[in-house]
Amino acid sequence: MSMTQPTKPVNDAGARLLSGARWRWYEVLFWVAAIALFFVFGDFIPGIPTRLMLLSEIISLGLLALSIDLVLGYAGIVTLGQGAFFGLGAYVAGLMAKNGMGAFPLSDPLLGLLAAAAVSGAAGFVTSFLVLRGSDLTRLMVTLGVALILAELANQMRWLTGGADGLQGVMSSPILGIWDFDLWGHTAYVYSLVVLFVCFWLSRRIVHSTFGLSLKAIKGNALRARAIGVPVNARLVAIYTLAAAIAGIAGALLAQTTQSASPDMIAFHRSADALLILVFGGAGYLYGGLIGAVLFRVMQDVIGNITLQYWQFWLGLVLVLLVLFVRGGVIGLMEGWWNRLTRKGDAP
Amino acid sequence: MTYVLETRSLCKSFGGIIATDNVSFNLPAGARHALIGPNGAGKTTFVNQLTGVLDPTSGQILFGGEDITNWTVRRRATAGIARTFQINQLFADLTPLESVVLAISEREDAGGQWFKPLGAREDIVVEACELLDTLGIGDVREARVGALPYGKQRLLEIALALAAKPKLLLLDEPAAGVPESEREQILNVVARLPESVALVLIEHDMHLVFRFAKTISVLVNGALFCEGTADEIARDPRVRQVYLGEEDVGHG
Amino acid sequence: MLTILFDGVAYGMLLFVLAIGLCVTLGLMNFINLAHGAFAMAGGYLTIVMMNRYGISFYWGLPAAFVFSAILGAVLERTLYVHLYTKSHLDQVLFSIGLVFMATAVVDYFMGANQQTINLPPALEGRVNFLGASIGVYRIFTIVLCGLLTIGLQFVLAKTRFGSRLRAAVDDGRVARGMGIDVTKIFALTFAVGSGLAGLGGALSTGIISMDPTFPLKYMIYFLIVISVGGTTTITGPFFASLLLGVADVAGKYYAPAVGGFIIYTIMVAVLILRPQGLFTKASR
């Protein structure tokens with residue numbers, strides 16, 4: 001009878017499910033490379049200029065894109081307002097550092113990060129209820145609207161935020177009272193990389209858990225997800241809140257390492273850039289945002305050095321071509337090549 | 001006696017159109033019941049109210065004696081009402097195994113587990129594999145759902161519903177659109193569903209209905225037209241009249 | 001007070017002409033075209049170039065802007081946009097943002113980043129007294145022209161064969177297709193006309209608000225507000241939404257410059273939450 005075909009042993013299936021969460025060699029390679037960058041661009045090799053400040057900035061941008069990946073790549077919520085939480089985190093950390101006068105309790109970078117995560121997370125929690133209902137378009141406009149309101153607030157509350165000039169005199173105290181931020185960005189880079197890794201590791205645990213699977217299910221078919229008993233709204237609120245907290249941490253990192261916070265950090269183009277970075281790198285892989293951020297900033301440096309207008313033009317062109325011809329961004333492209341190379345992938 | 005499912009004077013109207021007209025309906029435990037009716041009789045609307053997708057305009061729904069009229073979709077699902085959809089509602093980008101593991105995890109209240117990796121609960125994986133095997137789709141459990149043949153997708157629909165270990169299973173045209181070659185497999189699965197599950201088959205295909213159903217309700221224009229055992233309904237001249245010329249139409 | 005109301009109405013009607021094309025295309029194909037403002041910018045810059053470089057009259061600039069943007073819209077619709085109808089909303093958003101970036105860069109390259117204005121024809125300059133308020137002649141011109149366009153549009157939609165087909169297609173594309181209506185063709189035509197209207201609005205804007213390369217991005221949010229408040233199922237919804245937004249924006253900037261933008265965004269979010277289908281639409285089924 002056709003009913004019961006012989007199937008692979010059951011423990012095999014469990015092992016394969018579990019192996020989804022195992023670290024792969026290319027992941028290890030990625031993080032080793034990130035550490036290696038410290039030595040290459042850290043003013044240790046004569047002739048190679050120090051670029052650690054730029055790299056720290058890339059980390060902050062990548063972390064922001066990672067937070068969007070959690071919401072968009074996994075849970076399928078289209079957002080144009082992640083910059084709101086980023087900017088909020090930047091201002092919280094900046095204000096704490098500034099008012100702490102570079103002394104321990106308030107100006108401590110780690111406390112600043114925690115506070116930024118808490119405030120941004122709280123803002124994410126409150127606004128998450130606004131994106132539960134509605135179509136992609138409503139979600140897009142609501143997230144954009146929230147971001148615009150916050151940007152306008154940052155601009156108007158001059159007494160607190162310094163208005164259009166931004167916060168002046170942000171001074172972070174040494175991390176844990178030991179490592180002070182130096183001019184070359186040694187501390188900044190190591191600090192940023194450690195924070196990035198912790199956030200990444202946490203996100204990675206989450207997307208490879210049952211919770212993460214339920215997010216993908218919601219993205220795929222919310223109606224069916226409800227019918228099998230997934231508490232759709234609660235899951236979306238949870239991931240949106242977490243992503244907002246991570247975006248806040250990303251903003252706090254930028255404020256602490258650049259010792260400033262400005263309306264630029266909360267503006268629309270921040271959200272748009274981060275979304276673009278994620279899509280460019282590839283959404284739904286976690287690494288897409290990080291790789292995208294590196295490529296984005298390198299491209300920006302190379303092309304932007306010629307003229308600023310050129311940069312925007314090429315950026316737009318890349319976006320258009322990406323949407324028309326490439327699925328899954330850079331990582332999707334590499335995955336396709338790799339599958340063809342090893343002939344593992346299902347033939348088109 | 002208490003029924004698995006009861007509706008009391010259930011009404012639903014859309015604007016001026018009455019889709020469910022004062023339906024009072026009882027379903028005993030372990031039932032093999034079919035809900036039939038011509039196109040547009042309001043069968044799917046009725047099911048949508050039972051599962052909570054639509055709110056009734058008036059009336060009551062009881063499940064195991066408890067009033068569930070105002071419960072959410074999810075709460076009803078966890079309480080033991082499961083359904084399949086007339087049009088496949090699956091997770092195209094997951095595998096059948098992942099889909100069923102998720103459904104079982106939610107039943108076991110382990111769906112919110114965010115730190116342990118997927119597959120850490122061996123009992124859930126074993127149960128999922130067994131379920132997929134009983135439905136005869138164990139061989140494709142790690143393929144992408146979206147790439148499966150239609151018949152296998154229909155079976156996965158049933159698997160997802162069964163994963164909740166439901167007390168009541170609503171099958172909305174389980175074999176609709178399935179090619180003849182894969183049809184028998186689905187019919188076998190339906191025939192072998194455990195006695196503990198009360199079954200309501202929403203169908204258009206009379207052969208299928210008379211093959212499985214012991215009792216039948218006929219829905220016409222949103223109202224209960226008549227009820228009875230399969231034999232009674234088969235002999236009822238009024239039912240024949242309602243279906244005159246309808247039997248060949250096929251689906252709806 | 002009356003001056004502000006008048007300015008607001010003029011501004012609102014301008015917004016309506018700018019945004020109506022987007023509302024209809026969104027309702028028709030469920031397509032999110034954030035690059036709609038780029039077509040307005042094209043019309044605006046065409047008028048500026050015609051007038052400032054070649055000395056052609058403003059009155060020629062307006063129809064030219066319409067035709068130019070309409071052709072531009074038609075060409076892009078057939079070559080690029082047509083590939084995106086079946087893609088996800090995210091793809092549509094990214095694609096159209098990409099177009100905005102490119103348009104901004106191109107205009108910046110050829111025209112420079114600074115704000116550009118035109119010298120209005122003498123007949124449209126100056127102010128007149130009306131009920132004790134001093135009102136710019138150009139504002140009156142804008143209101144009359146936009147008002148005529150609105151009436152014309154309403155007429156086309158309500159009375160012509162094309163209009164009834166368009167309404168059927170917006171209402172339910174699948175049913176309309178089943179009835180033998182060529183939705184693709186209707187959409188192409190609507191897209192072109194909508195782009196043309198945006199171009200005309202852009203040309204008109206040069207007399208009220210100056211043009212610069214960031215125009216599409218700056219006005220994108222205004223368009224989105226018009227849509228969210230007005231809905232996409234009628235043209236009266238967006239019309240009232242535009243008027244409301246125009247008056248609120250002008251009044252806000254005048255009376256409470258500090259919180260003006262704030263109020264508008266808050267209204268938008270509030271409307272989206274309370275009535276996701278728009279404020280001026282019939283209650284959904």
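**Figure 1. Chain B and its helices and strands.** In this predicted model, chain B is built with nine helices and ten strands. How compact is chain B? Its radius of gyration is 18 Å, close to the 18 Å that the globule rule gives for 252 residues, so chain B is as compact as a globular protein of that length. Follow the C-alpha trace along its principal axes and you get spans of about 55 × 40 × 35 Å.

**Figure 2. Inside chain B.** Of the 252 residues in chain B, 55% are buried. Now look at which parts of the chain touch. Take the contacts between residues at least 6 apart in sequence: 68% of these join residues at least 24 apart.

Figure 3. How far apart are the mean positions of the two sets?

**Figure 4. Where chain C meets chain A.** Here 37 residues of chain C are in contact with 35 residues of chain A. Between them, chain C and chain A bury about 3400 Å², and carbon and sulfur atoms give 82% of that area. Which residues of chain C lose the most area to chain A? Look for C:Leu94, C:Phe101 and C:Met102, which together make up 18% of what the chain C side buries.

Technical notes:
Residues are numbered from 1 along each chain as its sequence is written. Chains are lettered from A and ligands numbered from 1 in the order in which they are written. This is a predicted model: local features need pLDDT of at least 70, side-chain atom pairs count only at pLDDT 80 or more; totals for chains, interfaces and linings use all residues. Side-chain values use heavy atoms; hydrogens and water are left out. Helices (H or I, at least four residues) and strands (E, at least two) are DSSP runs, numbered from the N terminus. The radius of gyration is taken over C-alpha atoms; the globule rule is 2.2 Å times the number of residues to the power 0.38. Buried means under 20% relative accessible area, exposed over 50%, partly exposed in between (1.4 Å probe, protein chains only). Contact means heavy atoms within 4.5 Å. Buried area is the accessible area (1.4 Å probe) that two parts lose on being put together, summed over both.
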